[in-house]
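Colleague: I am new to this structure. Could you take me through how its parts pack together?

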Amino acid sequence: MERLSSAAIIPYSFIGARDDIFMQFGLVWNMIKEPLIIPLLRMAVAMCLVMSVMIFAERLYMGVVIILVHVFGRKPEKRYKWEPIKDDVELGSSNYPMVLVQIPMFNEREVYQLSIGACCSLTWPSDRLIIQVLDDSTDPTCKAMVERECQRWAGKGINIKYEIRDNRTGYKSGALKEGLKRSYAKNCDYVAIFDADFQPEPDFLSRSIPFFVHNPNVALVQARWRFVNNNECLMTRFQEMSLDYHFKIEQEVGSSTHAFFGFNGNWTAGVWRIAAINEAGGWKDRTTVEDMDLAVRASLKGWKFVYLGTLQVKSELPSTFKAFRHQQHRWSCGPANLFKKMVMEVITNKKVSVWQKVHVIYSFFFVRKIIAHIFAFFFYCIVLPATILVPEVTVPKWGGVYIPTIITLLNSVGTPRSIHLVVFWILFENVMSLHRTKATIIGILEFSRVNEWIVTEKLGDFLKNKVGAKAPKKFRLNIGDRLHFLELAVGCYLFFCACYDFVFGKDNYFIFFYTQSLAFFIMGFGYVGTIVPTS
């Protein structure tokens, strides 16, 4: 058989360029650009524009609703019957319903005293209140500390129970489920849940329980989180901006229009009607957002939820980038996985209206939990920079500048005091969108990390209370902990696109690409959330 010549396999134009790798790359690029790259990029731009309009419409809708809520004064106290529970001379304290307060914890040596002390100080008849500490700690020293704290409060006359398990099946939801099985818990009507770093005010129960007493269709009363360490560093300020929008806008809109919203990500700072939990099937551990799972199932049974924005509970934000990344993975992966598992159940449900189904499937899950994460990373960090390298594909100004600007302004209204940080917040959120997108895809496709559960590290007042405590000045030697290679890779890509646009571009996108690449480099090299401030 006659031997094939190299020219028969390799185009003639390659032969003179074999020794120049850059020229070969340029030739390959020109060969695939027209038939493959341009059509795919145009399709990606079209998808991003559609997602952008979806998010814009959702944000605009919520903005209009929240304005109407404030204009017409549609407060929960007006939409639902609410009267304070008063002492009865004949009935005495039995006029008050039995309330169980659950405090799930896992190796929480820095903050366990905060939640136990706050819950034991709740204003409620002592014979109608049970404090239940669910300790899944694996650290024997920490367990002993928590048990001693419970004994100390029991010595003051508080009805407090210290419960442990032989295993951590179901993680936190498993502990809550086991806690409800105790004989004394079966006599309770309602259960309030507070994570180990949450500190309710003394009047928490007196302001929330009346909604249940006078409205038999209410399953959940949710309070708003107030952050005790929001001024600790820039990262906590950014978290406050994101979560304030969630509480002040998303939760308020869901409660005002459909009496539905997702129970918060730590199953905390809320009160459940135990009958509603049982009717919905109880706590399940099929995803990492069992709280949201329970909320959706309860809503499909026809139960209503009340959000009290004026009832605030102190809590702590993650102070380290590592802890924040783990938290965001769980909060992004879980909802996507739950959406996949429950979408057909919502569609076929007969007890809720079509409009509420649309709200749950489209607004609550699809736009807020999936599209919002994917769009931020896919458009700003992949597609838009790619159009610089392929000038044949353009992004209209309304899609690349105007709509994103309006969405950003609408997202920042929840925290007016931090409006001057909005540019830095955008850069930070775009970096975090990398992890949220990855987690969302893992949740939808159910990859190996779909049920990964890592407890968010909490510091409480540990560093502040240590006499002479100082932030470490030396960098970590563990490169694996210090460097984040995904952020560095995306940063290099954006930096290259910025340089190319600076030389050949016409739209001046290089200003954004340079600053965004710098944000990826800063977080990639571990300069965010590595050192915890002491003041």
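**Helix packing and aromatic pairs**

Modeller: In this predicted model, helix α18 (residues 485-504) packs with helix α19 (residues 510-524) at an angle of about 160°, their axes being 8 Å apart. The two helices α18 and α19 are therefore roughly antiparallel.

Colleague: Which hand does the crossing of α18 and α19 have?

Modeller: The crossing of α18 and α19 is left-handed.

Colleague: And which residues meet there?

Modeller: Among them, Leu488, Leu494 and Phe495 belong to α18, while Phe513, Phe520 and Phe521 belong to α19. The residues of this contact comprise 14 nonpolar, 4 polar and 2 charged.

Colleague: Turning to α7, how many of its residues are buried?

Modeller: In helix α7 (residues 171-180), 7 of the 10 residues are buried, so α7 is largely enclosed by the rest of the structure. Lys172 and Leu176 are among the buried residues.

Colleague: What do the buried residues of α7 pack against?

Modeller: They pack against the strands β1 (99-105), β2 (129-135) and β4 (190-193), and against the helices α10 (274-279) and α11 (290-300).

Colleague: How many aromatic pairs does the structure hold?

Modeller: It holds 23 aromatic pairs. One of these is formed by tryptophan 225 and phenylalanine 247; the pair is tilted, with 5.2 Å centre to centre and 50° between the planes. Tryptophan 225 lies in strand β5 (residues 218-227) and phenylalanine 247 in helix α9 (residues 234-257), so the pair ties together parts that are 22 residues apart in sequence.

Colleague: Are tryptophan 225 and phenylalanine 247 buried or exposed?

Modeller: Tryptophan 225 and phenylalanine 247 are both buried.

How values were computed: Residues numbered from 1 in each chain as written. Predicted model: local features only at pLDDT ≥ 70, side-chain atom pairs only at ≥ 80, totals over all residues. Heavy atoms only, no water. Axes fitted to C-alpha atoms, helices over the stretch in contact; angles between N-to-C directions. Helix = DSSP H or I, 4+ residues; strand = E, 2+ residues; numbered from the N terminus. Parallel < 35°, antiparallel > 145°, perpendicular 65-115°, else oblique. Left-handed = near helix turned anticlockwise from the far one by under 90°. Contact = heavy atoms within 4.5 Å. Nonpolar A, V, L, I, M, F, W, Y, C, P; charged D, E, K, R; others polar. Buried < 20%, exposed > 50% of the residue type's maximum accessible area, 1.4 Å probe, protein only. Phe/Tyr/Trp six-rings, centres within 6.5 Å; stacked < 30°, edge-to-face > 60°.
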